[in-house]
Amino acid sequence: MKPFFHLPWGNLLRVILLTLLAVAFLAPMAWMVSTSLKPLSETMTVPPQWIPSSIQWHNYPDAIQAMGYFWRYTGNSLLLCLLTVAGTLVSSTLAAYGFARLEWPGRNRLFSLCLATMMIPFPAIMVPIYGLFKNLGWIGTLQPLWVPTFFASAFHVFLLRQFFLSLPRDTAEAARIDGCNEWQILWYTVLPMAKPVLLVVAVFQFLATWNDFLGPLIYLTDQRTFTLALGLQSFQSQQGGTAWHHLMAASTLVVLPVIVLFFFTQKTFIQGIATTGSKN
Amino acid sequence: MGRTMSAADLRRLGTGFMFIAPWLVGFLALSLYPFLSSLYLSTCDYSVLAPAVWIGPENYTALSRDPIFWKAAGNTVLFAMVSVPLGLVLSFCLALLLNAEIPARGFFRTVFFLPSLMPLVCLAVLWLWLLNGDLGLVNACLRPGLQTLNDLFGWHLSPPNWLQDPRFALAGLVLTGIWGVGHPMVIFLAGLQEVPRHLYESADIDGASRWQKLRHITLPMLSPVIYFNGIMALIGCFQVFAVPYVMTEGGDGPERSLLFLATYLYQHAFEYWNMGYACAIGLFLFALILGLTLVASRISSRHVHYEGA
């Protein structure tokens, strides 16, 4: 990296503009954390003050207490993340392998159908799906939120297929000549090379489950089965928008795992998002 | 299919189906069946608690005369028409700014990207607080600026009470969405880095200006990415639900200014148990998304440049 004073003027202007924008993008999050550490009275000062007169760490345990089932919500969310990540990894990998590396009649037509399902908005089909789970007696349980991921997601099948198509085929051919069947080829030759894309799919699914709101809202009826996202919404509507220091502490706690996950997987993650928009 | 399959074909078909079986079952049970069922239920009186009764196109005629439905549809279209172009322009500009050798580039990218990771419920709760009329940070930033204008021109401007004001509620929601442009920005940035250097180099030799290079190289080369981001944003905006739902505590905002198609569908399905009507709204939403995507792909086939195609 070049030192500042060697930069051409255009780039200096660029950095100034970016710094201003970065301040604007960071301000809401900084405000969230700042509010979460204030005494209630200081959330109501005009003009607002950024630094609390004394840092109120106890807002966090207080917010957890006020949410009631905070640890249950966290447990439910984590359990769902675990199950949905496992479900989508297994099922989408199998389907993607079938679409990418095997030749069979009708394959491309079925794959187009798979892509077409991405066009259907969930709200348009949620009534019959709700009816289906109601008949199975699953309403009020976590099952409607994880069982479907064991039946592959079109988006993840698409991502994995793109990656499988790009892998060299010679190792697989050699294994086939040695008498390996397709399951062994997938397990021993394809999957070891596919670790980055599997991580991307796992992270995407984790985020989708952690963030999901509409699903838990329609399927979950008992507070003790709520996920964190639904629990936070229910906490917010009980508070009626007064105890902002507690609400911001609770929001910070819900965002935190996502931020941690991002920093640990940053490179793979950013590349994963970039490939979704790639024209190849 | 006219030809008969050989034994080898059949065996390959069998292996293929074994691998895609999870998807196939999911497709039949969780996409095709609900879609067809939704088509049928939209012509029924159905409450989940009792069997559906066929009533013909009645739900659709009722829908066409339902002013609240049209309000929801209007809000949804307006929200998408404002948010999608604004988000595309902003994310593209951010990507252009970042696409240079500058110090702390990774830091800037992370800063712009992070907000897009916010769970929607957190996003809604946070912006409810930021857009608070009296105590919110947004108005705290606006107040000094407006005060200066008032002093200079003798105006009487005061910052709006965003989500409590029917004229500003939708704008507040757009602002909330704009904060999440980091996701398309990352996709644009990747696209920018794929543009071959030599195109710019030969343009430099020809004495092309910065603007000409943007207009004649960057934009055409990036058109598939612009199209992709546009379609994704469009599909997302048309399904907007969680953020306005949380912000209005399950309501629809002042004078229904935060009522959207997905919200109205949810209300009919799970608050009035009027599920046939809800299915009709859902199919309208599907048709809207499908129609706009087809229009976009028609336009794109004229303007989108695929290299080597």
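Guide: Two residues are taken to be in contact if their C-beta atoms, placed from the backbone, lie within 7 Å. The model is a predicted one, and by that criterion the contact between the chains takes 78 residues from chain A and 76 residues from chain B. On the side of chain A that touches chain B, at least two residues each are supplied by α1 (9-36), α3 (70-100), α4 (107-116), α5 (122-135), α10 (195-211), α11 (214-219), α12 (228-239) and α13 (244-276).

Taken along the principal axes, the box that the C-alpha atoms of chain A fill is roughly 75 × 65 × 30 Å, and buried residues make up 39% of the 280 residues in the chain. Among the contacts within chain A between residues at least 6 apart in sequence, 75% join residues at least 24 apart.

The largest nonpolar core holds 150 residues, of which B:Val121, B:Ala124, B:Val125 and B:Ile281 touch the most other members. This core also draws at least three residues from each of domain 1 (4-60) and domain 2 (68-239) of chain A. For B:Ala124, the residues touched, not counting those up to four places away in sequence, are B:Ala242, B:Val243, B:Val246 and B:Met247.

Within chain A, helix α9 (residues 182-190) has as its buried residues A:Ile185, A:Leu186, A:Thr189 and A:Val190. Seen down the axis of α9(A), these buried residues fall within an arc of 110°, so they line one face of the helix. An α-helix has 3.6 residues a turn, so residues three or four places apart point the same way. The cover over the buried residues of α9(A) includes α3, α7 (154-166) and α8 (170-177) of chain A.

In chain A, a cis peptide bond with omega of about -10° joins A:Val46 and A:Pro47, and A:Pro47 is found in the loop between α1 and α2 (59-67). In chain B, B:Val48 has a positive phi of about 70° although it is not a glycine; B:Val48 has its place in the loop between β1 (44-45) and β2 (53-54) and, with 17 C-beta neighbours inside 10 Å, counts as partly exposed. B:Ala104, another residue other than glycine, has a positive phi near 60° and is placed in the loop between α3 (67-98) and α4 (105-113) of chain B, where it is partly exposed, with 14 other C-beta atoms within 10 Å. B:Leu146, found in helix α6 (residues 137-153) of chain B, is partly exposed, with 15 other C-beta atoms within 10 Å. Leaving aside neighbours within four places in sequence, B:Leu146 is in contact with B:Leu157, B:Ser158 and B:Pro159, and the C-alpha atoms of B:Leu146 and B:Ser158, twelve residues apart along the chain, are separated by 6.7 Å.

How values were computed: Residues numbered from 1 in each chain as written. Chains lettered and ligands numbered in written order. Predicted model: local features only at pLDDT ≥ 70, side-chain atom pairs only at ≥ 80, totals over all residues. Helix = DSSP H or I, 4+ residues; strand = E, 2+ residues; numbered from the N terminus. Core = buried A, V, L, I, M, F, W, Y, C linked by C-beta atoms within 7 Å. Buried ≥ 20, exposed ≤ 12 C-beta atoms within 10 Å, placed from the backbone. Domains from an automatic or database assignment. Arc of directions from axis to C-beta.
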